[in-house]
Amino acid sequence: MEESEPAVKNKKRLKKTIIDCDIHNETPMNEVKEYLPRFYRDMVDSFGARNVSSIYLNGTPSGRLIEGESRPRSASPRTTKDIVNHYRSKLLDPFHLEYGILTASDYSTHTLPDIDFAAAIASAKNDYIAERWLAEDSRLKGSVFIPKQDPALSAKEINRVGSHPDVVQVIVSSGAEKPYGHRFYYPIYEACVKHNLPFTIHVSMEGLGMNPAPTGAGYVTYYAEYRAARPQVMAAHLASFIYEGVFERFPDLRVVLQESGVMWIAPALWKMDQDWKGLRHQTPWVKKPPSEYFRQNVRVTSQPLEIPPDRELFDKLLTSIHANECLLYCSDYPHWDFDSPAKAFPKLEDGLWERVFYQNAADLYGLPQRKG
Amino acid sequence: MTKGYVVGKVADIPAGSKKLVEAGGRTIGVFNVNGVFYALRNVCPHQGAELCKGLIKPYVVSSGPGHFEYEREGEIIRCPWHQWEFDIKSGCMIIDPATRTKSYEVTVETFGVSVEEGDIVVHV
Ligand code: FES
């Protein structure tokens with residue numbers, strides 16, 4: 001097989017395998033629905049899957065890279081087996097993935113007011129992914145979908161599938177009815193800690209379905225604005241975890257912030273630390289500077305990585321977000337704003353490269369060292 | 001070499017209260033914490049506010065979200081500007097003791113009179 005161009009140019013660096021923490025495997029409803037109970041399967045057949053149609057544009061018509069990349073066009077009807085092979089040939093093999101964390105596609109589950117239906121879809125997806133993806137390739141690791149609208153049902157689902165050996169995290173969208181530090185969600189965190197699964201907040205579904213507007217100032221108009229607003233939603237979740245004292249209550253909980261930007265975290269931590277000096281006594285359960293909780297309990301994935309105008313600034317910001325411990329590489333394949341493992345970062349010194357492209361993820365997800 | 005400045009009578013500063021005085025060309029806050037006197041320079045090490053004009057408070061701690069417990073009653077002064085908390089006994093910022101304002105030794109000279117009528121002496 002031909003190696004893709006970036007992999008060839010950066011052969012030296014990518015001789016070492018990596019862990020990619022955000023791979024959007026497709027979850028075609030025609031296969032997922034086989035895992036639904038009959039009533040909901042009939043409902044999907046009759047009425048459709050009640051996906052929230054996009055009210056905003058995306059970067060490409062499908063949101064995916066345009067190169068026939070994400071799906072084999074010739075395969076008809078296309079099965080998950082074909083799709084897995086396609087991911088192998090376009091991502092796993094050429095980019096030398098030791099492991100890839102699957103984050104699936106279509107987060108509509110997190111927007112539905114019909115919570116039982118949301119729970120049924122989440123369960124069906126989890127079973128579909130375990131059987132049709134995780135069992136296909138030992139490099140692939142999975143995320144648990146939950147109906148986060150209902151923490152009790154969510155905990156039930158985590159308890160049902162959370163001990164599957166290839167499941168490594170619980171995933172939700174950033175769009176939420178309440179900031180994720182709220183005690184409403186505690187049953188989810190109890191289950192996460194019990195199964196030793198990080199809780200990953202992936203951008204998406206802000207302003208859709210039952211989730212509130214995508215910014216505190218209401219609905220924005222354009223897709224670029226929507227993207228620009230992502231950090232504010234994620235920043236609200238981050239501050240919520242810290243100030244609500246979630247990490248005091250669940251010291252072993254790990255939270256991953258995914259795809260809402262990286263560099264904004266530096267000034268957000270500076271601000272929270274500064275405010276904490278004067279406001280500590282209002283939330284005395286916050287016992288350490290907020291940046292310390294970030295360092296201990298929070299991780300952030302890299303894509304889409306912002307590149308500041310000068311290299312020195314880039315390095316300083318990485319230091320400020322504790323990249324050495326907290327930053328995890330991800331590609332977001334097959335989405336249009338994909339970050340190539342060979343090209344998205346400027347050259348990093350070897351120790352830091354190893355942390356970001358392998359060890360931080362291995363530590364977080366309990367993944368072994370490279371084979372051979 | 002320190003010099004002693006008589007800044008008032010014991011009865012002027014009852015327990016839990018404070019008095020701003022001039023001594024050695026400086027403004028100094030004299031505090032009575034449960035019968036023991038302490039003195040701090042009236043300058044916050046952060047941005048220079050008049051630290052000793054802040055609120056005297058206990059140290060608020062917590063066993064978990066929604067729980068508030070009080071410790072060290074009357075030992076903390078919160079700067080009137082950005083509310084950083086300082087230990088009245090040492091002048092050190094609570095969460096970062098390296099950040100501190102100067103503290104001075106305080107003695108009570110009774111010269112045979114009752115303690116209430118004794119002089120409070122700040123050593124600057
Ligand atoms: S000046 Fe005292 S806390 Fe800022």
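This is a predicted model: local features need pLDDT of at least 70, side-chain atom pairs count only at pLDDT 80 or more; totals for chains, interfaces and linings use all residues.
We have an open sheet of eight strands in chain A, paired in parallel, and the order simply runs β1-β2-β3-β4-β5-β6-β7-β8. On the edges sit β1 (18–23) and β8 (327–328), each pairing on one side only. If you zoom in on β3 (residues 140–145) and β4 (residues 167–173), you'll find four bridges holding to the parallel sense. To get your bearings there, look for A:Ser143, whose bridge partner in β4(A) is A:Gln169.

Now the helices. Helix α4, residues 80–92 of chain A, packs on the sheet and touches β1, β2 (97–102) and β3, with its direction at about 125° to that of β1(A). Then there's α5, residues 115–134, lying across β2, β3 and β4 of chain A and running at about 175° to β3(A).

The search over the whole structure gives 23 pairs. One of them is A:Phe241 with A:Phe247, stacked, 5.5 Å centre to centre with 10° between the planes. A:Phe241 is buried at 2% relative accessible area, and A:Phe247 is buried too, at 4%. For A:Tyr333 and A:Phe338, the planes are at 80° and the centres 6.0 Å apart, so we call that one edge-to-face. Both of those residues, A:Tyr333 and A:Phe338, are buried as well.

A:Lys125 puts its charged end over A:Phe145, 4.5 Å from the ring centre, and A:Lys288 lies over the face of A:Tyr293 at 4.6 Å.

Conventions
Residues are numbered from 1 along each chain as its sequence is written. Chains are lettered from A and ligands numbered from 1 in the order in which they are written. Side-chain values use heavy atoms; hydrogens and water are left out. Two strands pair if DSSP finds at least two bridges between them. Helices (H or I, at least four residues) and strands (E, at least two) are DSSP runs, numbered from the N terminus. Contact means heavy atoms within 4.5 Å. Axes are lines fitted to C-alpha atoms, for helices over the stretch in contact, and angles run from 0 to 180 degrees between N-to-C directions. Rings of Phe, Tyr and Trp (its six-membered ring) pair if their centres lie within 6.5 Å; planes under 30 degrees apart count as stacked, over 60 as edge-to-face and the rest as tilted. Buried means under 20% relative accessible area, exposed over 50%, partly exposed in between (1.4 Å probe, protein chains only). A charge sits over a ring if NZ of Lys or CZ of Arg is within 6 Å of the ring centre and within 35 degrees of the ring normal.
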